[in-house]
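Reader: I would like to learn how to read a model such as this one, feature by feature. Could we begin with the ligand and then go on to the sheets, the helices and the backbone?

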Amino acid sequence: MSYNAWFQCINGCPGQYSLLEIIYRCPTCGDLLEVRHDIDALKTRAAGAWIKLFDDRVGQNVYPYGSGVWAKKEWVVPFIDNENVVSTCEGHTNLFWANRYGKQLHVEDLWVKQCGNSHTGSFKDLGMTVLVSVVNQMIANGEPIDAVACASTGDTSAALAAYGAAAGIPTVVFLPRDKVSPAQLVQPLANGALVLSLDTDFDGCMAAVQEVTKHKHIYLANSMNSLRIEGQKTISIEIVQQFDWEVPDWVILPGGNLGNVSAFGKGFLMMYDLGLISKLPRICVAQAENANPLYLSYLTNFEHFEPVTTRKTLANAIQIGNPVSIRKAIASLQRFNGVVEQKTRGEKGDSRPRASGRDLDRQWPEIRRSENRVSRWHAARYPEHFTKPAR
Ligand SMILES: Cc1ncc(COP(=O)(O)O)c(C=O)c1O
Ligand SMILES: [Zn+2]
């Protein structure tokens, strides 16, 4: 069976565009594009057969299916040649049962998906493997692409530079001067990216990279390019898989540029449409009070949205005032009956050391699960984490 996927406008304007075309926005309305899959073709394989295929691929040695992203290749970019996939075996990250932290928060069954256990230390690898693989396929097909470029608060540039280096594709990164931690800055430098440090914030860097990538020889790697979302969407599939295909009640995630909210929604909806799950979770997006445009929009029931000028946030990766995926994020929150919360720097500073008891050094998606039962799948692999006391 051959499966297919293409770009389409998020507002439903007519037109489908190949994933191998250099296009980031809808030519009719100027809004973002999203990747659409041929769901009818995917439905020709039964839900149980998809589950078996995905479970069989866990830990598989045949490239690239050992990757958590490419294990779901048919749902990501079905037609890409395996030899053009650029993978560091990303994904399949640990799902912690955050027992003690959950108790402190009075959340009975709290789990943390540690997406930062990855090649560059953030979930950005999941999307970047997809984007760089597609660029690699385009170059193999003869497309004259000289470089890939992104704006970043740190993690995106680290991921782009790493995957660019693995593929041998030059990378250019635009970073806000003095706003990126040394640990993140060192990664694009070490991987040979052209690092441009600008006297502006993330939003200023984003404007600069969009200008530069109007030139088609430089390909845009920020999450307004929805190829990234296709990779990140596998996080939600993986979470459900790690719960033996059960759906958590809530998924809580940090919101900056808001790519992940849309990605999570997409992953859950695909599983739902294809019959792998029969309910959807609720989604909660957490923002910093100093960079809270989505929260302010939520207070108006999403009727209004205004970009904000940000102030310094403790988690520098989410200091973003004009999130590029705002429309997709709002659609996702509305579909999942979602909520948005904000935290002050003091509250964040207070919760961080408590969470660090589980080595949670950054802001990762947190999962609450209704059933008071430990995942068999996980318990078998990490018995030392799962000696859950009887209540
Ligand atoms: C560690 C980390 N958390 C959260 C975010 C924000 O994610 P999103 O843009 O999907 O809202 C980023 C983005 O840079 C990040 O690097
Ligand atoms: Zn449109």
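Author: Let us begin with the classes of residue around the ligand, keeping in mind that the model is predicted. The shell around ligand 1 holds 4 nonpolar, 10 polar and 3 charged residues.

Reader: Which residues come nearest to ligand 1?

Author: Of the 17 residues around ligand 1, those that come nearest are Asp155, Gly256, Asn257, Asn260 and Ala317. At the level of helices, α6 (155–167) and α11 (259–273) each supply at least two residues of this shell.

Reader: Turning to helices, how should I read the packing of α10 against α11?

Author: The general idea is that two packed helices are described by the angle between their axes and the distance between the axes. In this structure, the axes of α10 (residues 234–242) and α11 come within 7 Å and cross at roughly 55°. With that angle, α10 counts as oblique to α11. On the side of α10 the contact is made by Thr234, Ile235, Ser236, Ile237 and Val240, while α11 contributes Ala263, Phe264, Gly267, Phe268 and Met271. By class, the residues of this contact comprise 7 nonpolar and 3 polar ones, with no charged residue.

Reader: For the sheets, what is the strand order in the open sheet of 3 strands?

Author: The order is β2-β1-β3, and the pairing is antiparallel. Since β2 (16–17) and β3 (33–37) stand at the edges and each has a single partner strand, one side of each is left without a neighbour in the sheet. Strand β1 (residues 5–9) pairs with β3 over 5 bridges in the antiparallel sense, and Gln8 has Glu34 in β3 as its bridge partner.

Reader: And in the open sheet of 4 strands, is the pairing parallel or antiparallel?

Author: There the pairing is parallel, and the strands follow the order β8-β7-β6-β9. The edge strands, β8 (194–198) and β9 (218–220), each pair on one side only. Neighbouring strands of this sheet are turned against each other by 25° on average, with direction ignored. Within this sheet, β7 (residues 171–176) and β8 run parallel and are joined by 5 bridges, with Val172 standing opposite Leu194 in β8.

Reader: To finish with the backbone, which residues does a cis peptide bond join?

Author: The cis peptide bond joins Tyr63 and Pro64, with omega about 0°, and Pro64 is found in the loop between α2 (47–57) and α3 (73–76). A further backbone feature concerns Cys89, whose phi is near 60°, a positive value in a residue other than glycine. Cys89 has its place in the loop between α3 and β4 (95–97).

Conventions: Residues numbered from 1 in each chain as written. Chains lettered and ligands numbered in written order. Predicted model: local features only at pLDDT ≥ 70, side-chain atom pairs only at ≥ 80, totals over all residues. Near = placed C-beta within 6 Å. Nonpolar A, V, L, I, M, F, W, Y, C, P; charged D, E, K, R; others polar. Pairing = 2+ DSSP bridges. Axes fitted to C-alpha atoms, helices over the stretch in contact; angles between N-to-C directions. Parallel < 35°, antiparallel > 145°, perpendicular 65-115°, else oblique. Contact = placed C-beta atoms within 7 Å.
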